[in-house]
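Keep in mind that the model is predicted.

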Amino acid sequence: MNVLRWDKKFALEQAADDTELLEELLDIFKDSLRSDINIIEEGTLAGDTAKVCSGAHSIKGAAASLGILAINEVAMKIEEDSRAGGLTQAEQLLPKLRTLLAEVQKM
């Protein structure tokens, strides 16, 4: 869990100290993260920086709202690069995102 650098206290505050709500939000995040990683992968393969940027932006915001800092930072790098027309960060960081997804699944 440390690899995610998850601020659980922050996440719980965002869920109004409701642990059931936090669990629901995490379940939604897990599904959306998987989907957004697929969008980034598809965009990378197609050379579609707008698609990559969209997927990364979605991940960045969701991770930030749940205090999952490692995912937020990786997504931010991908988003910034793709917004500038690059795909290098997406190509290099997709494996890291998949690893972080596996860690999120353990939550």
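Helix α2 covers residues 19–46 and helix α5 covers residues 88–105; their axes come within 10 Å and cross at roughly 165°. Angles over 145 degrees count as roughly antiparallel, so α2 and α5 are roughly antiparallel to each other. Their crossing is left-handed. On the α2 side, the residues in contact include Phe29, Leu33, Ile37 and Ile40, and on the α5 side they include Leu94, Leu97, Leu101 and Val104. Charged residues take part too, among them Lys30 and Arg34 of α2 and Glu91 and Arg98 of α5. In total, this contact has 9 nonpolar, 2 polar and 5 charged residues.

Helix α2 also packs against α3, where the axes come within 7 Å and cross at roughly 155°. This angle therefore makes α2 roughly antiparallel to α3. The crossing of α2 and α3 is left-handed. Among the residues that meet here are Phe29, Leu33, Ile37 and Ile40 of α2 and Val52, Ala56, Ile59 and Ala63 of α3. By class, the contact divides into 10 nonpolar, 4 polar and 3 charged residues.

Nonpolar side chains tend to be buried together in soluble globular proteins. In this model, the largest nonpolar core has 30 residues, and Ile68 and Ile71 have the most contacts inside it. Each of α2, α3, α4 and α5 supplies at least two residues of this core, and the largest share, 7 residues, comes from α5.

Which residues does isoleucine 68 touch, leaving aside those up to four places away in sequence? They are Leu4, Arg5, Trp6, Leu26, Phe29, Ala63 and Met107.

Conventions: Residues numbered from 1 in each chain as written. Predicted model: local features only at pLDDT ≥ 70, side-chain atom pairs only at ≥ 80, totals over all residues. Heavy atoms only, no water. Axes fitted to C-alpha atoms, helices over the stretch in contact; angles between N-to-C directions. Helix = DSSP H or I, 4+ residues; strand = E, 2+ residues; numbered from the N terminus. Parallel < 35°, antiparallel > 145°, perpendicular 65-115°, else oblique. Left-handed = near helix turned anticlockwise from the far one by under 90°. Contact = heavy atoms within 4.5 Å. Core = buried A, V, L, I, M, F, W, Y, C linked by side-chain atoms within 4.5 Å. Buried < 20%, exposed > 50% of the residue type's maximum accessible area, 1.4 Å probe, protein only.
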